[in-house]
Amino acid sequence: MQTYANFTVGGALSVNAHGHYIGYGPLVSSVRAILLVLADGRIAEASRTENAELFRAAIGGYGAVGIVTEVELDLVPNTRVERPVIKMTVDEYGDWFDQNVGGRRDVVFHNFDLYPPDYGSGRAVNWIETALPANSPRLRGRNSAHRLSRYLM
Ligand SMILES: Cc1cc2nc3c(=O)[nH]c(=O)nc-3n(C[C@H](O)[C@H](O)[C@H](O)COP(=O)(O)OP(=O)(O)OC[C@H]3O[C@@H](n4cnc5c(N)ncnc54)[C@H](O)[C@@H]3O)c2cc1C
């Protein structure tokens, strides 16, 4: 999964998007097979074993090879996560990462967002699997007001 969830599957495949999952590579590693419509109108299935050259060219190919119309993906279970945030300096981050992210199987996603202008500190965000119910005050109804966000935007 990418940082946001508003992209199409075809668009994410065509740039071979990277996610922020811990321990997983770019999207291509989750793709079993694709169905392509080629420039001459032919339809071709491509995977690592069938039309492998097309498979490698189409994923990350920005649509130049053909239009992806179907995809067979590896999936993982959808789990609830909690999202603790902690600010620290760049010098502190390496040790903190080793203790709180690396090797932990319950940390699903991780970001370290650097603060401009000097990029000497940042914000570490972990998304950690949880059994807690989804009752965060951040979950809002579709029509509820977001006055502060709207004002800032
Ligand atoms: C706010 C933001 C956050 C982002 N975060 C990440 C991130 O975390 N990781 C990351 O890797 N990228 C990230 N990106 C980049 C994003 O993954 C790409 O821009 C992605 O291509 C967007 O998908 P889309 O559905 O909008 O594609 P589009 O912009 O519509 O298309 C992108 C390309 O894919 C081609 N294409 C689209 N659909 C198909 C199809 N069905 N078959 C063949 N070709 C097709 C188009 O021709 C075009 O070349 C981010 C972008 C934004 C704006």
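Author: The residues of the shell around the ligand divide into eight nonpolar, nine polar and no charged, where Ala, Val, Leu, Ile, Met, Phe, Trp, Tyr, Cys and Pro count as nonpolar, Asp, Glu, Lys and Arg as charged, and the others, Gly among them, as polar. This is a predicted model, in which local features need pLDDT of at least 70 and side-chain atom pairs count only at pLDDT 80 or more, while totals for chains, interfaces and linings use all residues. Residues are numbered from 1 along each chain as its sequence is written, and side-chain values use heavy atoms, with hydrogens and water left out.

Around the ligand there are 17 residues, of which Gln2, Thr3, Thr8, Ser14 and His18 come nearest; a residue is near if one of its heavy atoms lies within 4 Å. Helix H1 (9-14) gives the most to this shell, with four residues, and H1 and strand E3 (66-73) each supply at least two; helices (H or I, at least four residues) and strands (E, at least two) are DSSP runs, numbered from the N terminus.

Turning to polar contacts, pairs of N or O atoms within 3.5 Å, a polar side-chain atom of Thr8 lies 2.6 Å from an oxygen atom of the ligand, and a polar backbone atom of Gly11 is 2.9 Å from a ligand oxygen atom. A nitrogen atom of the ligand, in turn, has a backbone N or O atom of Val68 at 2.8 Å. The protein covers 58% of the 960 Å² of accessible area that the ligand has on its own, as given by the Shrake-Rupley method with a 1.4 Å probe.

Notes:
Polar contact = N/O pair within 3.5 Å; in protein donor to acceptor, adjacent residues only side chain to side chain.
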